[in-house]
Protein chains: 2
Amino acid sequence: MYERKIPLNLNCGLDLIGEVLYGKWKIRLLWFINEGHKRPSELQRKIPDASRRVLNIQLKELEAHELITKKIYPVVPPKVEYSLTDFGRTLIPVISALGNWGDEHEERLRNIILKSSQN
Amino acid sequence: MYERKIPLNLNCGLDLIGEVLYGKWKIRLLWFINEGHKRPSELQRKIPDASRRVLNIQLKELEAHELITKKIYPVVPPKVEYSLTDFGRTLIPVISALGNWGDEHEERLRNIILKSSQN
DNA sequence: TTGCATAGGGATAAATTTTTCCCCTATTGT
DNA sequence: ACAATAGGGGAAAAATTTATCCCTATGCAA
């Protein structure tokens with residue numbers, strides 16, 4: 001595992017939530033798990049731009065942060081299902097707020113982002 | 001400027017908001033500017049863990065994304081003030097939602113994060 | 001006259017995150 | 001035998017983000 005060289009700072013609420021949500025795909029993972037896409041392979045299909053590896057890594061982190069739980073069924077071929085914990089579920093309204101803002105300003109954002117990524 | 005090699009994806013609202021808020025210090029910059037800390041030097045003092053350089057870079061990006069405006073006063077020593085645009089102001093409730101969630105679960109989060117960063 | 005404050009930028013290094021590639025388990029179907 | 005499916009993980013490379021260092025300029029205070 002990677003060993004951090006610059007210390008964490010956990011001063012305020014924004015630092016704290018940042019620590020658990022930072023990661024390119026974490027918010028989407030939580031979102032799709034909440035929507036009922038529980039198995040790793042489903043999640044990989046839902047998020048095809050992410051490498052399989054990172055999804056696994058980020059799922060592990062979400063689990064370590066107690067936002068999701070992992071259930072392994074002892075069958076072959078293997079079956080695994082993730083679910084939100086109660087704690088994780090409290091994040092859903094926050095994620096909705098993010099997604100809604102993005103949706104509401106979709107047109108404008110797309111233009112702005114594309115324009116500013118030209119130069 | 002850095003030239004991206006992996007294309008952006010701007011499919012859903014979460015992608016879009018991610019594009020403008022991703023960046024270690026951007027949320028805090030918006031927050032403090034909203035609180036009235038407008039000058040670069042104030043912001044640097046408010047966010048001492050960030051290097052001066054990155055704050056400038058991220059302020060520029062926020063400006064390019066039309067979330068803040070920059071006013072340069074032609075005086076010596078130089079004086080600059082940032083303000084939220086109307087568009088940027090619409091983000092404040094979203095940022096509050098993030099910060100509040102972190103504050104509400106402060107104890108728990110601090111423990112979880114420290115525990116999981118041990119090993 | 002040296003030092004500090006103000007604002008900003010270039011070049012380069014370091015830190016961190018994500019991707020790529022390859023390998024392993026076990027069963028079912030061809 | 002061999003591929004496909006389902007889930008994982010190590011090692012190293014590539015991508016991306018942040019940090020460090022040094023330089024510009026002016027006016028004011030010790």
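**A close look at A:Gly23**

Guide: Setting aside its neighbours within four places in sequence, A:Gly23 is in contact with A:Gln58 and A:Glu61; contact here means that the C-beta atoms of two residues, placed from the backbone, lie within 7 Å. This is a predicted model, where local features need pLDDT of at least 70, side-chain atom pairs count only at pLDDT 80 or more, and totals for chains, interfaces and linings use all residues. Residues are numbered from 1 along each chain as its sequence is written, while chains are lettered from A and ligands numbered from 1 in the order in which they are written.

Where does A:Gly23 sit in chain A? A:Gly23 lies in the loop between α1 (13–21) and α2 (26–34); helices (H or I, at least four residues) and strands (E, at least two) are DSSP runs, numbered from the N terminus. A:Gly23 is partly exposed because 15 other C-beta atoms lie within 10 Å; a residue is buried with 20 or more such atoms, exposed with 12 or fewer, and partly exposed in between, with C-beta atoms placed from the backbone. A:Val54 is 31 residues away along the chain, and its C-alpha atom is 9.4 Å from that of A:Gly23.

Now for the meeting of the two chains. In chain A, 33 residues are in contact with 33 residues of chain B. The elements giving two or more residues to this side of chain A are α1, α2, α6 (92–104) and α7 (106–118). Of these, α6(A) gives the most, with 8 residues.
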